[in-house]
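The following paragraphs lead a new reader through one protein structure, from its overall plan to selected details. Please keep the sequence and the model in view while reading.

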Amino acid sequence: MGSVNGQSKDISPSRKQAIDSLALEKVRDLSKYIAIIGDKKTQYTEANRVMDRAEELFAPGSEMGVSSLTSNTVEYYVVRKYFERLMALNYEKVKIEWYNIHYISDLEKQPDGKYVGVVTVYQKFEGSNGDEMVYKDTTKKDITIYVEKKQTQIAGKVIEFWDVMLGDIKVTETTA
């Protein structure tokens with residue numbers, strides 16, 4: 001796992017480590033949410049609740065890439081539309097697993113003071129009807145990570161904190 005790069009004076013090494021951990025935790029949370037949304041046994045109301053929670057992980061306007069072994073194109077959907085399409089897939093059973101989650105680029109400070117980095121994940125997708133495997137693939141995805149300093153008020157005091165948001169999820173490779 002990489003960390004926030006050393007160019008910045010405003011993030012201490014221990015804070016960098018905490019930010020990295022938070023980013024990876026949010027990616028793992030998204031992985032769990034996707035598995036729940038894609039699971040055909042999940043009740044509609046529960047899937048909607050999980051979609052709401054999952055959407056909160058993302059910066060506004062973020063998109064997720066969808067690929068298939070049967071097409072050379074990658075389609076991009078706003079996050080909510082992606083979840084709705086995932087829930088509506090025409091399989092009796094869907095299994096989605098994310099693994100090998102790691103930073104591929106350190107966070108870099110942007111002119112606006114935010115930091116941007118990239119986390120890579122591998123997604124194993126399986127769709128089946130009954131006992132018959134209908135479709136499966138493995139997709140390598142790059143997730144843009146945004147880190148910015150925010151403020152909140154607690155008991156009348158202004159508290160600054162670093163927040164991590166997920167951005168676009170790009171498909172970089174799809175294999176059988």
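At 46% relative accessibility, Asn-100 is classed as partly exposed. This residue belongs to strand E3, which spans residues 93–109. The backbone at Asn-100 has a positive phi of about 50 degrees, although the residue is not a glycine. As the model is a predicted one, these values, like those that follow, are computed from it.

A second residue with a positive phi is Ala-155, where the angle is near 50 degrees and the residue is again other than glycine. Ala-155 is placed in the loop between strand E5 (132–154) and strand E6 (157–175). Its relative accessibility is 81%, and because the threshold for exposed is over 50%, Ala-155 counts as exposed.

The overall plan gives these details a setting. The protein contains three helices and six strands. Along the sequence, these elements follow the pattern α-α-β-β-α-β-β-β-β. The C-alpha atoms fill a box of roughly 55 × 35 × 25 Å, taken along the principal axes. Of the 176 residues, 41% count as buried.

The helices may be considered next. In helix H3 (residues 79–87), the buried residues are Val-79, Arg-80, Tyr-82, Phe-83 and Leu-86. They cover an arc of only 160 degrees around the axis, and therefore lie on the same side of H3.

How are two packed helices described? The description uses the angle between their axes and the distance between the axes. Helix H2 (residues 44–55) packs with H3 at an angle of about 150 degrees, and their axes are 10 Å apart. Because an angle over 145 degrees counts as roughly antiparallel, H2 is roughly antiparallel to H3. The crossing in which H2 passes H3 is right-handed.

Attention now turns to the aromatic side chains. Across the whole structure, a search finds five aromatic pairs. One of them is formed by Tyr-99 and Tyr-122, a stacked pair with 5.8 Å centre to centre and 25 degrees between the planes. This pair links distant parts of the chain, since Tyr-99 is in strand E3 and Tyr-122 is in strand E4 (residues 115–129), 23 residues apart. Both partners fall in the intermediate class of accessibility: Tyr-99 is partly exposed, with a relative accessible area of 36%, and Tyr-122 is partly exposed, with a relative accessible area of 22%.

Which residues form one aromatic cluster? The members are Tyr-91, Phe-125 and Tyr-135. A further arrangement pairs a charge with a ring: Lys-170 lies over the face of Tyr-76, at 5.7 Å from the ring centre.

At 39% relative accessibility, Met-133 counts as partly exposed. How far apart are Met-133 and Lys-93 in sequence and in space? They are separated by 40 residues in sequence, while their C-alpha atoms are 9.2 Å apart in space.

Definitions and conventions
Residues numbered from 1 in each chain as written. Predicted model: local features only at pLDDT ≥ 70, side-chain atom pairs only at ≥ 80, totals over all residues. Heavy atoms only, no water. Helix = DSSP H or I, 4+ residues; strand = E, 2+ residues; numbered from the N terminus. Buried < 20%, exposed > 50% of the residue type's maximum accessible area, 1.4 Å probe, protein only. Phe/Tyr/Trp six-rings, centres within 6.5 Å; stacked < 30°, edge-to-face > 60°. Lys NZ or Arg CZ within 6 Å of the ring centre and 35° of its normal. Arc of directions from axis to C-beta. Axes fitted to C-alpha atoms, helices over the stretch in contact; angles between N-to-C directions. Parallel < 35°, antiparallel > 145°, perpendicular 65-115°, else oblique. Left-handed = near helix turned anticlockwise from the far one by under 90°.
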